[in-house]
Amino acid sequence: MTNLPINAATWFSIPAIDFEKSVKFFEDLLQITLIRDTMGDGDQAKPFAMFPKEGDAGVTGAITPAVNILPANGGVLVYLYTSDIDGALSRVEGLGGKILLPKSSLPGDMGDITTIADCEGTPIGLHQP
């Protein structure tokens, strides 16, 4: 049996039917700028917008066009970092999202979490350490 690497999870994708709307939703929600690029070559190239991270360690992911995976209410829940969970929650509905779970405190000093639906209905967790 092989040991898993320190970060067993290495990437996440949030599928978007309306790519530009979804990118704007997350940029405005988290008050960040996503890093735009393309994946694939030639006619197969598709845009993606990656969440920024510091350094080489850690996990990040991207908004990707919904090609073979569609936005959905179910499946794995991804938690995105925010330094201002209250501010993010105050912006959700104005951006076309919905609060699914109010802010909840994690045990000890692990911070706070919440669950929202993005502008396409996909559940996303937010975490403020």
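A search of the whole structure, which is a predicted model, finds 3 salt bridges. They pair Glu-20 with Arg-36, Asp-28 with Lys-24, and Lys-103 with Asp-86. The model also holds an open sheet of 4 strands with mixed pairing.

**Salt bridge Glu-20 to Arg-36**

- The side chains of Glu-20 and Arg-36 meet in a salt bridge, with an N to O distance of 2.9 Å.
- This pair links distant parts of the chain: Glu-20 belongs to helix α1 (residues 19–30) and Arg-36 to strand β2 (residues 35–39), 16 residues apart.
- Glu-20 has a relative accessible area of 46% and is partly exposed.
- Arg-36 is partly exposed, at a relative accessible area of 44%.

**Salt bridge Asp-28 to Lys-24**

- Between Asp-28 and Lys-24, the closest N and O atoms of the salt bridge are 2.5 Å apart.
- Both residues, Asp-28 and Lys-24, lie in helix α1, where 4 residues, about one turn of the helix, separate them.
- Asp-28 has a relative accessible area of 23%; the limit for buried is under 20%, so Asp-28 counts as partly exposed.

**Salt bridge Lys-103 to Asp-86**

- Lys-103 forms a salt bridge with Asp-86, and the closest N and O atoms are 3.0 Å apart.
- Because Lys-103 lies in strand β6 and Asp-86 in helix α2 (residues 85–92), the pair ties together parts that are 17 residues apart in sequence.
- Lys-103 is partly exposed, with a relative accessible area of 38%.
- Asp-86 counts as partly exposed at 45% relative accessibility.

**Sheet β5-β8-β7-β6**

- The strand order in the open sheet is β5-β8-β7-β6, and the pairing is mixed.
- β5 (79–81) and β6 (98–105) stand at the edges with a single partner strand each, so one side of each has no neighbour in the sheet.
- With direction ignored, neighbouring strands of this sheet are turned by 25° against each other on average.
- In general, strands of a sheet pair through backbone hydrogen bonds, in either a parallel or an antiparallel way.
- Strands β7 (residues 112–117) and β8 (residues 123–128) run antiparallel and are joined by 6 bridges.
- Opposite Asp-112 stands Gln-128 in β8.

Key:
Residues are numbered from 1 along each chain as its sequence is written. This is a predicted model: local features need pLDDT of at least 70, side-chain atom pairs count only at pLDDT 80 or more; totals for chains, interfaces and linings use all residues. Side-chain values use heavy atoms; hydrogens and water are left out. Two strands pair if DSSP finds at least two bridges between them. Helices (H or I, at least four residues) and strands (E, at least two) are DSSP runs, numbered from the N terminus. Axes are lines fitted to C-alpha atoms, for helices over the stretch in contact, and angles run from 0 to 180 degrees between N-to-C directions. A salt bridge is a side-chain nitrogen of Lys or Arg within 4 Å of a carboxyl oxygen of Asp or Glu. Buried means under 20% relative accessible area, exposed over 50%, partly exposed in between (1.4 Å probe, protein chains only).
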